[in-house]
Each structure stands twice: as C-alpha cells, then as structure tokens.
Amino acid sequence: MVQAESLTKRYRKAVAVEGLTFRVGPGEVYALLGPNGAGKTTTLRLLSTLVRPSAGRALVAGFDVMREPIEVRRNLGLVNGGMRVYERLTGREVLEFFAGFYGLKGRAFLQALDWVVDLLEMEETLDKKVGEMSTGMRQKVVIARAILHRPKVLLLDEATAGLDVFARRALLDFVKAYRDLGHAVIYSTHVMGEAEEVADRVGFLHRGRLVYEGSRDEALALGEGSLERAFVREVGRA
Amino acid sequence: MEAVLRIFRKELVQVFRDRKLVFSTLVLPVLLMPVFMFGPSLFLSRLMQGAAEKVQEVAVAGLPQEALKALEEARLEPVPHPDPEKAVREGRYPAGVAFREGVYRVYGRLASGLTESQVVVEKVKGALQALKEAKVAEALRRAGLPQEVLSPFGVEVVDASPPRERAGGLLGFLLPFFLVVFVLSGGQVVAVDATAGEKEKGTLEALLAAPVPLVQVALGKTLATVAMALLSGVAGLLGLALGGAWSARFGGGVLTERGETLALGGQVSLDGGSFLALFLTAFLLALFMGAVMVALGLYARSFKEAQSYMAPLQLLFLLPLLFLQFRGFLEIEAWHYLLPLFNVALLMDALLKGSATPLEVGFTWASTLVYALLALGLAVWVFGREDVVFRN
C-alpha cells in the first residue's frame with residue numbers, strides 16, 4: 001500500500017531524510033519511531049506530496065508521489081499533532097468542506113458522516129463551532145476530516161500531542177479499529193509506549209536514516225520488552 | 001472549478017462570522033468616511049463664522065481716529081497698548097495694529113495653522129483696506145476724476161470644462177484613490193487570514209493535503225479576497241457618497257492645507273455602460289491587488305509579519321495615484337494606459353468624465369488582466385514553494 005525506495009530529502013546543506021526504504025501493507029500499522037528532528041514529519045510530508053523528494057521514489061496506493069500527487073492525496077489521510085481546522089466553522093461544516101474535495105456530496109456525504117460519527121463517537125461536535133470545542137473534540141474533527149473518504153492509507157504524525165488521557169485512549173483505539181478495516185496506517189511518534197500498543201511493525205528513524213526495521217515483537221525482544229531500550233540500542237549500533 | 005468555489009465560500013463564511021471584523025471593514029467606513037472627509041471642514045467653517053461675528057479686542061498704538069472707527073465698524077474693539085506686538089506675542093490679544101511713519105503694521109500669531117488670531121488679522125486687514133479705498137475715492141472725487149479710473153477693465157475667469165467633467169469635480173481623483181485604499185484594507189483581511197493566518201493556526205496543511213491543484217487553492221483564496229475587497233470598496237464609496245450628501249446639505253468640503261475649504265462639487269451621472277465599465281475596472285484592479293496580497297500573505301511567516309507587509313504595499317499601490325493629481329500637466333498618451341494602477345486611475349477619471357475611448361478602455365483592461373494573471377501566477381508559485389509554506 002505504501003512503498004518507499006531510497007527516499008531522500010535535502011534542504012540546501014541539511015539532509016532531512018536519506019535513503020529511506022520501507023513498505024507498509026494493507027491492514028498494517030507501521031510505527032515510525034524517533035526523537036524530534038529525526039525526520040518523521042518530513043517522511044510523512046513526502047508521502048503526502050506536501051514536499052517533493054530530492055531523490056528516490058514513493059508509491060501510495062499504487063500512485064507515484066511525484067507524478068500523481070492528486071491521486072496520492074485522494075487515497076490518503078494525514079493527521080499531525082499541530083494540525084487544526086477552521087475555528088469559525090462547525091464540525092459538520094468542516095467535514096462537508098473537505099468531503100467535497102473527495103466527491104462526497106449529498107447522500108454520499110451523509111453516509112460518510114454517519115460512519116465517521118459512529119467510529120469516533122463525535123455526535124456532539126457536529127453542530128458546535130470548532131473554536132468552542134475541547135482539545136479532544138477538535139482532534140476528533142481533525143481525524144474525521146482525514147478519514148471521511150476512507151483513505152487506503154492513513155498517516156498520523158504525533159497525533160496524540162496535547163491530548164488528555166481520554167482523547168489519547170480514544171485515538172489509539174481508533175488506530176487499531178482503522179487497521180482492522182484493512183487500511184494501512186503509518187503511525188509516527190516519539191512516544192514508544194504508544195507504538196508498543198498499536199504497531200504491527202516498527203521502523204527506527206535517527207538523523208534521517210532508518211536504522212532498524214522489524215516486527216513489533218522482534219523489536220520488543222531486542223529491547224527485552226521495551227521499544228525504548230531497543231531504540232537506544234539500535235541507534236547506538238548505527 | 002467546484003473546489004475554487006468551495007474554498008471561496010469557506011473563506012467568506014469565516015470572515016462573515018467574525019462580527020468585529022465585518023463591523024470594522026464594512027460598517028465603520030460608511031460611518032467614518034463622512035466624518036473624516038467633511039467633518040473637520042464643517043467644524044472649521046462654523047468656528048470661522050463664529051469668529052467673524054464675535055467682537056474681539058485688538059491692541060492698538062498710534063492709530064488715527066478714522067482707523068479706530070473703521071475697526072469698530074468691522075466688529076473689533078481697539079484697546080490702546082504701548083507695544084501691540086508684545087501683547088500679541090504674549091497671547092493677551094489675538095491681533096494688534098501700530099501706525100508709524102504712514103504704515104499700518106498688523107500683528108498676529110500666524111505660525112500655528114488656522115487660529116482665531118488669523119481670523120482677527122483678516123478682519124483688521126479688511127477694515128483698513130476699506131478705509132484705504134474710501135480715502136482714495138474721496139481724493140478722486142476732490143480731483144474731479146471718476147472712480148472707474150482705478151479699474152479701467154475687469155478680469156473674469158470662466159470654467160470651460162465640459163459639463164460632465166465639471167460635474168465630476170474632484171471625484172475623478174478621489175474615487176480611484178479611495179477605491180484603492182478600501183480595496184486594500186478590505187482585501188487584506190481575507191488575504192492575511194487565508195494565508196499567513198491559516199499557516200499560523202495550523203489549518204493550511206490539511207487543505208494542501210486535499211486533492212486540489214494548487215492553482216485552484218490560490219484562485220479560491222484570491223477570489224474571496226477580491227469579493228471582500230470589492231465589498232469594502234463599495235462601503236467606502238457609500239461613505240463618500242453619504243459625506244457628499246451631508247456636505248451638500250450642511251456645507252463644508254475638503255480641507256486644504258491653507259485652511260480653505262474646497263467644495264467637492266462632485267456628482268456622478270453615469271449611464272449603464274459606463275457604470276458596468278467602472279465596475280469591471282474595479283474588479284480587475286481588485287483581482288490584481290488580491291493576488292498580490294495572497295502571494296505576500298503566504299510568504300509571511302506569521303499573521304503579524306503579513307500585516308507588516310501590507311502597510312508598505314498600500315503606500316506602493318497609492319504612489320502612482322498621487323501622480324494623477326498632475327494629470328492636467330501631462331500629455332496623456334496611449335502607453336500611460338498600460339502602467340499598472342495609474343492606468344486604472346486614468347480610466348476611472350475618464351469614465352466619470354465621459355471621455356474614455358475604446359482604446360483606453362481596452363489597454364487598461366487588457367494590461368490589468370495580464371498583471372492580475374501574473375500576480376496569480378506568483379501566488380500559485382508561492383503556494384508551491386515548500387520552504388515558504390512550511391516556514392513558520
């Protein structure tokens with residue numbers, strides 16, 4: 001579903017990510033782990049066509065990020081921790097606004113809305129202006145916007161940042177539920193505990209390079225039951 | 001195109017849900033323009049009238065009886081003082097007069113703009129001038145000469161402007177000037193909010209991740225900017241019209257730096273075609289300026305930075321219009337209608353005066369459309385620059 005080959009991004013003299021090669025299949029959560037500045041956000045921006053690769057290539061749902069950016073965007077949803085939606089619109093208006101870009105109008109939109117409202121338990125957000133919502137409610141709208149069109153690939157970048165314990169729990173449950181629907185999820189975070197819970201496979205990113213890739217259970221074994229220990233060990237070896 | 005309309009609508013809904021913003025952008029100009037344009041001159045004319053009717057004390061020294069009488073007849077009260085200049089300097093009298101060696105010296109505090117002192121000095125000068133003319137007339141009568149000897153012929157200046165040009169008065173200059181001011185101030189509200197504002201609030205990334213070509217995102221935001229700019233322009237012109245009506249009813253006009261009030265005397269009588277042409281010209285102008293503002297707004301790191309770009313931009317846009325004041329001295333040629341902004345001002349002036357030719361209209365519209373498309377291209381290019389979009 002997602003295929004990156006030698007994906008590289010350079011900004012003038014700085015290298016943000018270099019030579020990334022990985023694959024994520026349908027029904028799989030791939031956790032991209034690393035500290036701040038490791039290149040996680042750049043990787044997801046490359047996959048979502050917001051930035052262009054300096055070298056290498058990537059396919060999302062079979063579409064090339066360089067040559068078919070619109071088709072790539074049509075097949076993915078992106079959520080990051082700093083992402084917000086329009087404060088003066090209601091939850092319903094925000095979702096309707098974005099749904100239109102994916103051709104979801106009229107009955108199709110209402111059906112998509114019912115589905116997402118059930119999945120995220122967000123009935124109360126629909127008629128409320130985003131500016132009047134709690135952080136957790138806002139985050140639900142942000143996520144709903146990203147999955148309303150049921151993208152084959154969902155990219156989550158530090159998506160639990162700033163969330164309270166209930167909202168965080170709801171998000172982690174949602175990630176697993178979305179995976180179970182057969183979609184591919186790339187879950188980028190520096191919080192190893194979250195990855196331990198939701199990931200099927202993990203990739204350790206350090207200074208723009210993928211220093212380790214394997215299944216969650218293999219990584220846990222490597223770190224004697226802790227992804228954090230495994231990460232520190234692999235980064236030390238790199 | 002549907003995505004363009006979707007973005008356009010969303011931007012405007014967001015703006016119109018901010019009541020304070022709507023009030024300050026669309027309502028306040030209607031209320032403030034009449035006060036701003038005509039209030040000071042109306043207030044001043046009332047003050048001048050009051051000062052002219054009031055009897056003021058004047059310090060005098062060495063004045064003959066006939067001069068004292070002339071001052072009294074001009075509603076002034078002469079008060080003997082050994083040094084009228086000092087008395088005026090110290091602020092004890094608004095004006096003073098001393099007569100020495102056949103010269104009347106009139107003293108006033110004239111360096112601080114229009115004051116009561118100036119008005120009193122004018123009253124003194126008028127009284128002494130009337131006295132002088134009476135004495136000359138008396139001397140002529142004694143010499144047996146007719147009074148006409150002093151004015152062997154008359155001079156009369158007649159305004160030969162075409163009727164529509166005369167009716168337009170200063171509007172030919174004021175209309176484009178205020179249109180640009182209001183188009184900019186109204187447009188920047190949307191332009192800044194839809195670009196740097198979205199970046200700062202973290203909403204832009206979600207929009208850019210949607211399957212919409214960048215050109216449509218830029219166009220949607222630019223059209224929303226244009227719509228708000230035009231609404232703001234209409235509000236400003238409505239305020240100007242209200243001010244004109246107020247001025248016609250109560251007097252007043254534009255205050256000049258010499259303290260004179262210049263009657264606007266402007267009235268617009270446009271046929272349907274000219275009105276449509278004027279609107280299309282304003283639309284193209286707003287499209288051009290809107291695209292520039294969107295490009296500049298997105299380039300900024302933050303809302304504040306974007307706003308800081310808008311003030312110099314306003315000055316830059318107004319600069320060509322200032323030269324419109326001197327159009328009477330210029331030999332206007334066809335290529336002038338290709339100069340950005342200046343062409344719009346020239347065309348609006350010509351449309352109001354009914355003198356626009358098809359060539360002038362064609363040159364202005366075509367060139368402004370090209371400038372607008374170039375600016376839109378710039379906006380799209382800026383939207384495509386990842387180092388700009390993500391630099392905050």
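Colleague: In which sense do strand β7 and strand β8 of chain A pair?

Modeller: A word on the basis: this is a predicted model, where local features need pLDDT of at least 70 and side-chain atom pairs count only at pLDDT 80 or more, while totals for chains, interfaces and linings use all residues. Residues are numbered from 1 along each chain as its sequence is written, and chains are lettered from A and ligands numbered from 1 in the order in which they are written. Helices (H or I, at least four residues) and strands (E, at least two) are DSSP runs numbered from the N terminus, and two strands pair if DSSP finds at least two bridges between them. Five bridges join β7 (residues 153-157) to β8 (residues 184-189) of chain A, and their sense is parallel.

Colleague: Which are the edge strands of the six-stranded open sheet in chain A?

Modeller: The order of this open sheet is β6-β7-β8-β3-β9-β10 (chain A), with mixed pairing. From one strand to the next the twist averages 15°. Pairing on one side only marks the edge strands of chain A, β6 (76-80) and β10 (209-215).

Colleague: At about what angle does helix α6 of chain A run to β8(A)?

Modeller: Axes are lines fitted to C-alpha atoms, for helices over the stretch in contact, and angles run from 0 to 180 degrees between N-to-C directions; contact itself requires C-beta atoms, placed from the backbone, within 7 Å. Helix α5 (residues 135-147) of chain A lies across β6 and β7 of chain A, at about 160° to β6(A). Helix α6 (residues 165-180) of chain A lies across β3 (29-33), β7 and β8 of chain A, and its angle to β8(A) is about 155°.

Colleague: Now for the other chain. How far apart are the centres of domain 1 and domain 2 of chain B?

Modeller: Domain 1 of chain B covers 2-39 + 166-389 and domain 2 covers 52-149, with bounds from an automatic or database domain assignment. Taken over C-alpha atoms, the separation of their centres is 52 Å.

Colleague: How are α10(B) and α12(B) oriented to each other?

Modeller: The axes of α10 (residues 272-299) and α12 (residues 342-353) of chain B come within 10 Å and cross at roughly 165°. Angles under 35 degrees count as roughly parallel, over 145 as roughly antiparallel, 65 to 115 as roughly perpendicular and the rest as oblique. The two helices, α10(B) and α12(B), are therefore roughly antiparallel.

Colleague: And which residues of α12(B) make the contact with α10(B)?

Modeller: From α10(B) come B:Ser274, B:Ala277, B:Leu278, B:Thr281 and B:Leu285. The partners in α12(B) are B:Val344, B:Leu347, B:Met348 and B:Leu351.

Colleague: Are α3(B) and α5(B) parallel or oblique to each other?

Modeller: Helix α3 (residues 65-73) and helix α5 (residues 116-142) of chain B pack with axes 9 Å apart, at an angle of about 125°. That angle is why α3(B) and α5(B) are oblique.

Colleague: What is the phi of B:Glu101 in the turn between β3(B) and β4(B)?

Modeller: Strands β3 (residues 95-100) and β4 (residues 103-108) of chain B run antiparallel, joined by six bridges, and B:Ala98 has B:Arg105 as its bridge partner in β4(B). The two strands form a hairpin with two residues between them, and the phi of B:Glu101 is positive, at about 50°.

Colleague: Which element gives the most to the side of chain B that touches chain A?

Modeller: The contact takes 19 residues from chain B and 22 residues from chain A. On the side of chain B, α1 (2-16) and α8 (204-208) each supply at least two residues. With five residues, the element that gives the most is α1(B).

Notes
Two residues are in contact if their C-beta atoms, placed from the backbone, lie within 7 Å.
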